[in-house]
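Here are a few notes to read alongside the structure.

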Amino acid sequence: MAKAKTNTEDYLRMYRQMMRIRTFEDNANQLYLSAKMPGLTHMYSGEEAVAVGICEALTDDDRITSTHRGHGHCVAKGANFKEMFCELLGKEEGYCRGKGGSMHIADQSHGNLGANAIVGGSMGIATGSALRAKLLGKDDVTVCFFGDGATAQGLLYEVMNMAALWNLPVIYACENNGYSEYTKTEEIAAGSITARAEAFGIEAFKVDGQDVLAVNELTQKLVARCRKGEGPFFIELETYRYHGHHVGDINREYYRSKDEEKDWKENRDPIIRFRSYLVAEGIATEDEIEAMNAEIEKDATEAVAYAEAAKYPDVSEVDMHVYAD
Amino acid sequence: MREITLSQAVNEAIAEEMRRDPTVFLLGEDVAEAGTPFKVLSGLVEEFGTERVIDTPIAEPGFMGIAVGAAMTGSRPIVDLMFGDFIFLIMDQLCNQAAKTHYMSGGKLNVPLVLRTNMGATRRSAAQHSQSLHALVSHIPGLKVAMPSSAYEAKGLMKTAIRDNNPVVIFEDKLMYQDKAPVPEEEYLIPFGEANVKREGSDITLIATSSMVQVAEKAAAILSNEGIEAEVIDPRTIVPLDEATLIKSVKKTSRAIVIDEGHQSYGVTSEIASRLNEKAFYHLDTPVVRMGAMDVPIPFSPALEDITVPTPDRVVEMARKLCSGEMIHAA
């Protein structure tokens, strides 16, 4: 793990947020498997240290753009379970009043500009948010989350060019989970991913995305530099998705082995690693962590029950919000 | 009243709104010192600086996406898309992102941006610089679409667009940039969804957009000499569409031709014609006729290009047929 810091509260919150993401996803998966959830969903499990390490370095004024695999970013940026499960089930009290669902879930009030179901679709949005900050003299920073698969989209290179030309306060966070949907990243990405950013004169970093402290430490530095006008930056985070491309992608041995999955889960799990660290450093006891886990599980169970019982939007809402007033 | 060109009208509208609201800014290719290839934006960078009149690289999806993000977070960008034909390059950012963000967020995020671009054939620019693609974006819920027919409309619609809280696409006919029209010195806005009855008549309704309004007016003048009084209506915005004014007119005249420079199939003319059929059918004496651009890529040769778009003569010919009772069945 990266170097220890003294802020116990910060560490416990990071653990808690990672555990909340894992718990949210486990419950979402159950909703899918029990056919209670309309449609499909893309699980963030395994990548928790990325979203949490980054979002814990941000304030509510800072913005993020998220992806189709966006539940983790949503939780990490401050969302509640209740409104999230309501959104997943298409209920009126969901963050998007049931109009977005899993792939567009976002708690906009905490600076989440939305999850995007077009791979790479939010790169312009994140860069534009950063341009707005610069034009209006604000010091907020925008983080653009995207996967390794999205590095094949041309939009990334168009907006990185402009972000570099205009010194925009944006951090491009590439979550490299090794797979572009059902295809190995090495089959879709030529050369080095970070070198692509460097070609624009953007400082690029590679970090262990399973180490929440390493991610957080790097992000804090880059956010501070962005606020001083030294952006943009690029981070490639090495991580892994435990589930398939989406919850329905169950038989996936044709593109990756069970041994590989087992190795990441047993030896590189971000939550297990951080938990051991917290105990070893005397920041929390096993009992305290178990109590925290139980509390999170209870919160999730209650939120799921609430969402299941919640109302669907009235049919009159179907043509509401097509246009803003 | 003073007369100014359509180009000056657009420039004035943008300058006035940029003075009024510091969150408004412009971006696009060659918008600053060059003032665009059509010189529509000349002088703006001198007044507002390169911070608010931003030259971008040639990267349409990139700067369109940047505009969406800026709009979602508190700015009011005006995107300059050099040619309407380039709209194909930005379709994801315009139609999947800008158009849907308000809805997908349950009304929590707005995208107040203006995409100004152009349309219009007969400039000898061939198939990739001559298209009129407004029907494409009109198909996407969440976008508003304005089509100014003169300098007066260009100014009033642009000011309304900049203040609107939704993505608005404005198509200016690039052949009309130097056309002059009376434009008041004092401020005015033209509300969206209000058609303008340019000429009253009792025998046939000519519904026309953008430069086709001039075509319809010329046709109406010729028809009037022959004793046929045509009513000419400019919808001004095709989304939202002032259906009521169109239907009211057709109920009065019982005949209609819809004239628009987009391709005829699956286009604006088809949409308006079918609404009239649905809502004024029993008032019609003849089929509603569509006159759009031919369903061919726009050719380069003047000999070919000129026949692809509706002309006053052809509108007159069609109107005569309808009014004489010759056209009992659709052409």
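1. Chain A has 325 residues and a radius of gyration of 19 Å, taken over C-alpha atoms. The C-alpha trace of chain A spans about 55 × 50 × 45 Å along its principal axes.

2. A word on ground rules: this is a predicted model, in which local features need pLDDT of at least 70 and side-chain atom pairs count only at pLDDT 80 or more, while totals for chains, interfaces and linings use all residues. Residues are numbered from 1 along each chain as its sequence is written, and chains are lettered from A and ligands numbered from 1 in the order in which they are written.

3. The model scores ipTM 0.95 and pTM 0.96. For chain B, the mean pLDDT (the predictor's confidence in each residue, from 0 to 100) is 97, and 98% of its residues reach 70 or more.

4. Chain A contains twelve helices and eight strands, counted as DSSP runs (helices H or I, at least four residues; strands E, at least two) and numbered from the N terminus.

5. A:Ala130 is buried because 33 other C-beta atoms lie within 10 Å; the cut-off for buried is 20 or more, with C-beta atoms placed from the backbone.

Terms used
The radius of gyration is taken over C-alpha atoms; the globule rule is 2.2 Å times the number of residues to the power 0.38. A residue is buried if 20 or more other C-beta atoms lie within 10 Å of its own, exposed if 12 or fewer, and partly exposed in between; C-beta atoms are placed from the backbone.
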